[in-house]
Structures are given as structure tokens and as C-alpha cells.
Amino acid sequence: MKIKKLMLSAAACVLSAGFAFAFAACGDPSGNQGGSDPVKLNAEKASIVVTGYEWGPAVNSVVVKFKEKVSGITKDTFNVTTAGKKRAVTAAYCSDANGKKSDAATEYVTLELERAKVTSWGAEASPFSYNQQKQRNEWAAKYAVRVTVAENQSFKAGNTQYKAKDYFSYDVTSSDDRLVPQTATWNKDVYIHEGDIKLSRASWSPEGAAADGVKNPLIIWLHGMGEGGTDIDIDLLGNEVTGLTTDNEVNVQHHFKTGGSAGAYVLAVQSPTWWMDVDGTGDKLNMDGEGEQTSFYTEALYGAITSYVESNTDIDTNRIYLGGCSNGGYMTMNMMFNYGDYFAAYYPICEAYTNSRITDQMIENIKDYNIWFLFSADDPTVAPNKFVRPTYDRLLKAGAQNCNLTVTEHVVGKDSEGTRYDGHWSWIYAFNDEVKTKVDNSKINSVNDIVPANCTVQANMWDWIASKSKS
């Protein structure tokens with residue numbers, strides 16, 4: 001439920017992008033090396049290369065397409081700004097259209113950029129903006145890229161020599177101008193439920209799974225509130241779902257490579273609005289109030305999952321694992337209450353299913369399931385005392401033997417060199433494979449005991465999940 005995520009940085013991007021556009025429209029001052037006014041580089045477009053991190057996506061490379069082959073470039077040739085922010089160039093080379101380095105001269109130049117500054121709200125180079133009305137992340141309507149020849153530098157495009165302060169400005173406005181290598185390996189489609197509800201899906205397959213001679217498990221991810229919509233890349237990048245695959249420096253696949261298995265399949269499903277939507281309009285969250293909580297998408301999500309499983313005969317149906325964060329944690333609980341026997345284990349993160357609306361019978365129905373809860377004690381968005389703490393306490397008192405819980409003091413990043421994030425972002429620990437302790441259930445006598453100080457038992461969440469089977 002990333003209501004606040006990237007809100008400040010998104011606003012900064014929008015303002016700075018507009019500033020960059022206005023600056024380009026006014027033209028550059030004169031005074032380049034040759035004494036003539038700056039000229040526009042003979043380029044057609046710029047593509048941004050988007051990478052997912054624990055805080056969300058960032059632009060760390062730009063591919064510029066010139067109209068002629070380029071020569072004479074180094075990392076010092078250009079100054080670059082993205083979304084109005086100056087970016088240090090760490091490498092520059094000729095490449096293909098996708099940014100792959102070429103030993104020969106080409107019309108494409110890839111400029112690798114120093115990783116943007118990260119704050120508790122995200123990265124300055126994020127290509128996302130936050131839609132306050134819809135309460136979710138979207139691609140920035142215009143992501144401004146500006147490339148300028150640096151002082152005392154020059155290069156050639158064809159037979160044309162360009163000098164200092166010659167420039168090229170481009171606004172990235174569509175998916176045609178975005179390269180997302182991490183999600184390119186996913187198979188993306190749309191599941192249509194009963195001819196009406198459409199859910200975007202993306203599935204990832206471990207290399208060699210089809211030929212490893214065994215059936216392989218499936219990990220399912222349900223996104224937070226800020227990642228709803230119809231573009232599955234928003235889902236995959238917003239929560240760094242690539243952490244579940246080998247398309248990321250940190251991934252959990254090694255926990256599932258047992259018994260000859262090549263690893264686990266991964267499925268992400270996207271809600272058009274948000275999972276706790278009452279009627280599909282996106283106008284009302286089913287959080288407060290009385291009575292059993294529901295979701296407009298319950299049956300549709302089950303159909304999206306089962307139809308994918310039925311289409312892939314290599315999936316071990318005894319080892320299907322379901323989880324998600326915040327709004328997706330809510331939907332994980334909702335699916336547990338409605339289709340609990342279908343899944344082998346659950347991992348709800350900062351889940352938003354209101355405890356007061358869970359009946360004793362519902363607790364009784366799920367007490368024997370394999371569940372691992374995760375949250376941060378300083379979560380300002382989904383108050384732990386209203387949601388996960390009392391629910392977990394009730395499960396233990398009902399006799400649950402297979403329930404685990406990890407609670408941290410704060411959320412501290414790994415990609416960001418120790419940046420402390422908003423306490424709601426506890427999914428970061430899951431995708432960084434850093435859930436390595438759990439509470440000592442013998443010390444839990446009330447909700448007041450569900451605290452980091454009692455999180456002393458050594459155990460890895462993903463290793464535990466991988467060991468669970470319905471059989």
C-alpha cells in the first residue's frame with residue numbers, strides 16, 4: 001500500500017522535468033569552443049534504461065539514437081540531465097538499440113549514469129510519478145533527457161564535428177522509449193474473468209525448469225496499493241518483484257533449487273484498481289466498518305492463478321506459495337480465508353486485513369495453515385496493533401503450530417547503503433532475503449509481546465517456505 005512511496009520524489013520529477021523542458025525551449029547561450037551558437041545534435045530520440053531497486057525503479061542509463069554513426073566519444077564527452085537532475089556519466093560507448101556495447105561505430109550511444117541519490121522516499125531518477133487521485137504509481141507523462149557536449153570536448157556523428165554546448169533534448173513519453181531489461185524476461189498477458197474483469201499477469205520461468213526432470217514450485221506475488229493498474233511493469237518494478245528471480249543481484253531462487261529443481265516459477269498478478277476494492281470502481285477501500293471483508297477481485301484472482309497453473313504442467317501443485325504486501329497482504333489473507341487449501345504456504349507482509357473483522361471461526365479455519373507474517377514496528381500506514389499483531393496473537397491462542405512472524409524496529413535498505421525508509425516498506429527485507437529471524441512463540445502471551453526484542457529464533461523465511469508442501 002505505497003500511498004506515500006515516491007510521492008515527494010515524483011513531484012520533484014514533474015517540476016524538474018517541466019523546468020528542463022522550458023530551459024530547452026529557450027535555447028542555449030552562445031560561447032561554445034568554436035565561438036558559434038550551440039547547435040542541436042543530429043539525433044532522433046533517447047531511450048531510458050529502467051532498473052528496479054528496493055526503493056522502486058530508477059533510470060541509470062540513456063541510449064541516444066543519432067542519424068549517423070558516432071565516433072570519438074568517452075565518458076567525459078557529455079553532460080547529462082534526467083528529469084532536470086544532473087547525472088555523472090560513468091561510461092559512454094557505441095551500442096545497439098538496447099544498449100549492448102558494440103566494438104564498431106553505430107548510430108546508438110549508451111551513456112551509463114551514476115546511481116541517483118536515494119532518500120527515504122525513493123530515488124531522484126525515478127521514472128514513476130504518483131497519481132494522487134487514483135492513489136497509485138504511473139509512468140511519468142514526460143521524462144526529460146538532455147545531453148550536452150561538455151566543455152573542451154567534441155565528437156563526430158558522420159562527418160559532422162560537434163563542439164562544447166551542442167545539445168539534444170528529448171521527452172520520453174511512451175513505452176517505446178523505455179527499456180526494462182529485468183522485466184523483459186517475463187511472459188506478460190491479461191487474464192479475463194467471465195468476459196468482464198481483466199487482470200494483468202506476468203510469469204517468470206527459471207532457466208532449465210522444463211528439462212530438470214522434476215515438477216517445480218510456484219511463488220505468487222500480490223502488489224501493494226500503489227502498483228494497481230493495467231501496466232504490469234509498474235507492479236514488477238514498484239515492489240522489486242525481480243528480487244524473486246535471477247534477474248537481480250539479490251534473489252531468493254537458491255532456496256528452491258533442491259531435489260534437482262532448477263528453481264521456482266514466479267507469478268505476479270495486477271489489480272486494475274486495488275485488491276481491497278469493494279465494487280471495482282476504485283472509489284472505496286474495504287478496510288473500516290463491520291462484517292466480513294471482501295474484494296471485488298476474489299474470484300477473478302483465483303481464476304488468474306488456477307488458469308496459469310493449469311497451463312503449466314511443470315508446476316508442483318503441492319508447492320504453491322502466496323504472498324503480498326499491504327493491499328496485497330490483505331488479499332493474501334482474503335485468499336487464505338476463501339481458498340486456503342489450494343496453497344501450501346502464505347507470506348503476508350504488512351498485511352491490511354482488519355483484525356476486528358476476522359471472526360473466531362475464521363481464525364479456527366486457518367490456524368493449521370503454514371503462514372509467515374512480516375512487518376515493521378514503526379509502520380505508519382498499516383497500524384500493527386489494528387491488523388497483524390492481534391491476528392497473530394489469536395492464531396497462537398487458537399493452537400496454531402505452523403505460524404511464524406518477523407517484526408523489525410525499522411526498515412533499513414541494502415541497495416541504498418543503509419538508508420532508513422518509511423516503516424511501511426517491510427517488503428524490502430523479503431526481497432533482499434533478509435528475513436532471518438522470527439519471534440519466539442513461547443514468549444508471546446499478548447499483543448504486547450509481539451516486538452522485535454522477542455524476534456530471537458534463527459530461521460530464514462524463504463527457506464522455510466520452500467520446505468512446505470501440501471503432501
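Setting aside residues up to four places away in sequence, Glu-68 touches Asn-42, Thr-106, Glu-107, Ala-157, Gly-158, Asn-159 and Thr-160, a contact being heavy atoms within 4.5 Å. This is a predicted model, so to speak of local features takes a pLDDT of at least 70 and side-chain atom pairs count only at pLDDT 80 or more, while totals for chains, interfaces and linings use all residues. Residue numbers start from 1 along each chain as its sequence is written, and side-chain values use heavy atoms, with hydrogens and water left out.

Glu-68 itself sits in the loop between β2 (56-66) and β3 (70-71); helices here are DSSP runs of H or I with at least four residues, strands are runs of E with at least two, and both are numbered from the N terminus. Its C-alpha atom is 5.4 Å from that of Ala-157, a residue 89 positions away along the chain. With a relative accessibility of 32%, Glu-68 counts as partly exposed, the class between buried (under 20% relative accessible area) and exposed (over 50%), using a 1.4 Å probe and protein chains only.

Turning to the whole chain, the average pLDDT is 91, and 92% of the residues score at least 70; pLDDT is the predictor's confidence in each residue, from 0 to 100. Residues 1-35 are another matter, with a pLDDT below 50, although this stretch has 87 contacts in the model beyond near neighbours in sequence. Where pLDDT is low, the predicted coordinates should not be read in detail.

Along the principal axes, the C-alpha atoms fill a box of roughly 80 × 45 × 45 Å. Of the 471 residues, 59% are buried. Among contacts with a separation of 6 or more, 72% come from residues 24 or more positions apart.

Helix α7 (residues 388-397) has eight of its ten residues buried, so it is largely enclosed by the rest of the structure. The buried ones are Val-388, Arg-389, Pro-390, Thr-391, Tyr-392, Asp-393, Leu-395 and Leu-396. They pack against α5 (327-339), α6 (360-366), β23 (371-376) and β24 (403-408). After the helix comes Gly-399, with a positive phi near 100°.

Glu-240, at about 50°, lies in the loop between α3 (232-238) and β20 (265-270), and is buried with a relative accessible area of 3%. Asp-433, at about 55°, belongs to the loop between α8 (427-431) and β27 (437-438); its relative accessibility of 10% makes it buried.

One more loop residue is Trp-121, placed between β8 (118-119) and β9 (122-123). Trp-121 is partly exposed, at 25% relative accessibility. In sequence, Trp-121 and Asp-422 are 301 residues apart, yet C-alpha to C-alpha they are separated by 7.2 Å.
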